[in-house]
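The following report describes a two-chain model for readers who wish to relate its sequence to its fold. Please keep the sequence and the structure in view while reading.

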Amino acid sequence: MRTCDLPAYTIADLIKTKQISAVEVLDDVLERIRQVDGRPGEVDASPAETEEDLSTIHAFTQVTEEYAREQAGKIDQLIREGVNPGPLAGVPYTAKDIFTVKGIRSTAGSKILSNYFAPYSATVVERMEEAGAVMLGKVNLDEFTYGSSSESSAYKPVPRNPWDTSRVVGGSSGGSAAAVAAGEGAISLGTDTGGSIRHPASFCGTVGLKPTYGRVSRYGLIAFGSSLDCPGPLTRNITDAALALQAIAGQDPRDATSATVPVPDYLAEMEKEIRGMRIGLSEEYFRVTYFDADSLELVESPIDDQIRQAVLSAAGFLAQLGADIVTDVPLPHTKYGVPTYFVISRVEASSNLLRFDGVKYGYRTEESFKDLPELYRKTRGEGFGVEPKLRMLMGIYLSAAQFDKGYYQRALKARALIRQDFDTIFDPRGKYRLDALLTPTAPSTAFPIGSVYGDSVLMQYSDQLTATTNHAGIPGLSFPVGFDRDNLPIGAQVLGPDYSEGSLLRIARAYEIVTEKEAWRGQKPPLIADLDA
Amino acid sequence: MEERIPREDFQRLAELASLELPEEEAEYLRKELNNQMISIEVLESIPIDAETGSAAHGLPYTDFNSPSPREDITSLDPHRQAILDQAPELEEGYIVVPDISHQELE
């Protein structure tokens, strides 16, 4: 197996025991990027057209080779001096281009920030570097994280799924998931506002961890929905997710919403047994209620039976290990998750987007303008793509006094009800006393590129099974549970009470061990398998 | 069918958002906004009793997880020059802003 396909924990161990250098690891992963990624995304570039474009991944918006070489060299120097560089010594990772990194272009996948160089680094980036990790570059995403397929990025070509390059990668941390799945870095930092870590993890067959709101600092994250945004890792296995969370979690004085709760030892938590844990299944998470643009009505339908069976099979494995599976758990407000998300996320997004104006930093129109308002209108009209425009217009409509129909206040109450649903099932003195809820991560596997993009309502319903977690602020962990008939990955997620990341990692790790010898575990994305052949 | 956001309201929204929009793009955005508005109307049918509060965050902030208020101390931002260097137009350390037109508020 090539170094770039090894787990992060193995890479760090090999480097610390001097069996390989950080520079050698970096060379191998850069070679993998050259082999599979194709041209990186660029603003205003043409979409994928050539045969090579259509068969490569395009996870990156920029590969920061010089920056990475400098970091890897420092790790090797520390090793030579007998200093431990940290738990992620020399581990190559990528960052969704929504995190600021000092001196590196930080674009949010938008033309309006295409010339922005951050003067400071996000806390999570600083913490990864303190742990010894080496940043390979920035990866693509939906513009300002607005979407569930990564197709809305202004940086073209948009990412393509390593398991089938005609399919989307999910979103919005789609570049992160694709990069990790293709061996272009062992870890990627993503963000999850309505499912944006877990959804692409599910589509690309990786692990994706959305921590409890406030468990990980948002400082240096270009904001979307400030009451919902959560940074977290995407990895190829559960142990790496625990390692990465260990590195980035904890209070940050620069983020007043970051929690003061002590960070446990996730690796130790992960290795405990799951016997006696109570894991719930809810029918509300095996169906979707979505808005049909033709009939203009809400329609309810069961999710794909292949996904249902894969999740039930995972529950069966957990039961074999001694977990108590509790069925028919009621979560009656699940179906309001997306409508509530439409309101809260848009109001918060519109507030956050008003700061981009062409005056202080970022893109400015090259057209002439007579005064400040015209500069604003032209710059913002040219600089933003359709998704940010839609979110701003919707957010302003829902919050402006002249149009107010009370939806925002109603959505805040709906969020309280969604939270109450989870409080009820996780109450240790209640009827259900669950340690976790097991559900599908997404209602479908990866859909064809271009098949949903443009229908903003249908796209949003792709987050129906994940958005409730963000409303409640609780943690969620998505992990692979098999493949469908088209050989596309299926993901399941475990959700738990506040700060229960250790328990969720334990459940997913137990499943990973018990299914280690299942035939599907040996599958690789065709692109990678071809390289090995 | 009645449109939730007619053209006149849409134009006002675009003004409030400071967005200059080509006609074709404006029509696409208005159609999508109308569909989004229909999809959120379901919120009106949720039974909500008087006891239900509004959740600004899903996660409650209490003494268990909240930091104490920080000291009220001013300090210079260490990134001042790097921030100024990003501005499209600078004059003697100040960001240049184009003419600000004045209009009477209704």
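What pLDDT does chain B average? The model is predicted, and chain B averages a pLDDT of 90, with 98% of the residues scoring at least 70. Among the elements of chain B, the lowest mean pLDDT, 92, belongs to helix 3 (residues 80-84) of chain B, and the highest, 96, to helix 1 (residues 7-16) of chain B. For the model, the scores are ipTM 0.94 and pTM 0.97.

**The two chains**

Chain A contains 18 helices and 15 strands. Its C-alpha atoms fill a box of roughly 65 × 55 × 50 Å along the principal axes. The radius of gyration of chain A is 22 Å, which agrees with the value near 24 Å that a compact globule of 533 residues would have.

Chain B contains three helices and two strands. Read from the N terminus, the order of its elements is α-α-α-β-β. Because its radius of gyration of 23 Å is well over the 13 Å given by the globule rule for 106 residues, chain B is more spread out than a compact globule. The C-alpha atoms of chain B fill a box of roughly 55 × 50 × 30 Å, taken along the principal axes.

**The interface between the chains**

How many residues of chain A are in contact with chain B? The contact involves 65 residues of chain A and 48 residues of chain B. On the side of chain A that touches chain B, at least two residues each come from helix 11, helix 12 (372-383), helix 13, helix 14 (407-426), helix 15 (456-461) and helix 16 (467-472) of chain A. Helix 14 of chain A supplies the largest share of that side, 11 residues. By class, the residues of the side of chain A that touches chain B are 41 nonpolar, 12 polar and 12 charged.

| Helix pair | Axes come within | Crossing angle |
|---|---|---|
| Helix 13 and helix 11 of chain A | 7 Å | roughly 105° |
| Helix 13 of chain A and helix 1 of chain B | 9 Å | roughly 105° |
| Helix 13 of chain A and helix 2 of chain B | 10 Å | roughly 55° |

Within chain A, the axes of helix 11 (residues 337-353) and helix 13 (residues 386-399) cross at roughly 105°. Because angles of 65 to 115 degrees count as roughly perpendicular, helix 11 of chain A is roughly perpendicular to helix 13 of chain A. Helix 11 of chain A contributes A:V343, A:R346, A:V347, A:A349, A:S350, A:S351 and A:L353 to the contact, and helix 13 of chain A contributes residues including A:P388, A:R391, A:M392 and A:M394. This contact of helix 11 with helix 13 of chain A has nine nonpolar, four polar and two charged residues.

With helix 2 (residues 23-40) of chain B, the axis of helix 13 of chain A makes an angle of roughly 55°, so helix 13 of chain A is oblique to helix 2 of chain B. The crossing of these two helices is right-handed. From helix 13 of chain A, the residues A:V386, A:K389, A:L390, A:L393 and A:M394 meet B:E25, B:L29, B:E32, B:L33 and B:Q36 in helix 2 of chain B. By class, the contact of helix 13 of chain A with helix 2 of chain B has six nonpolar, one polar and three charged residues.

**Backbone features of chain A**

Which residues does a cis peptide bond with omega about 0° join? The bond lies between A:K156 and A:P157, and A:P157 is in the loop between strand 5 (155-156) and helix 6 (174-181) of chain A. A cis peptide bond also runs from A:G171 to A:S172, with omega near 10°; A:S172 is found in the loop between strand 5 and helix 6 of chain A. A:F144, although not a glycine, has a positive phi of about 55°. The location of A:F144 is the loop between strand 4 (134-139) and strand 5 of chain A.

Conventions: Residues numbered from 1 in each chain as written. Chains lettered and ligands numbered in written order. Predicted model: local features only at pLDDT ≥ 70, side-chain atom pairs only at ≥ 80, totals over all residues. Axes fitted to C-alpha atoms, helices over the stretch in contact; angles between N-to-C directions. Helix = DSSP H or I, 4+ residues; strand = E, 2+ residues; numbered from the N terminus. Parallel < 35°, antiparallel > 145°, perpendicular 65-115°, else oblique. Contact = placed C-beta atoms within 7 Å. Nonpolar A, V, L, I, M, F, W, Y, C, P; charged D, E, K, R; others polar. pLDDT = per-residue confidence, 0-100. Left-handed = near helix turned anticlockwise from the far one by under 90°. Rg over C-alpha atoms; globule rule 2.2 N^0.38 Å.
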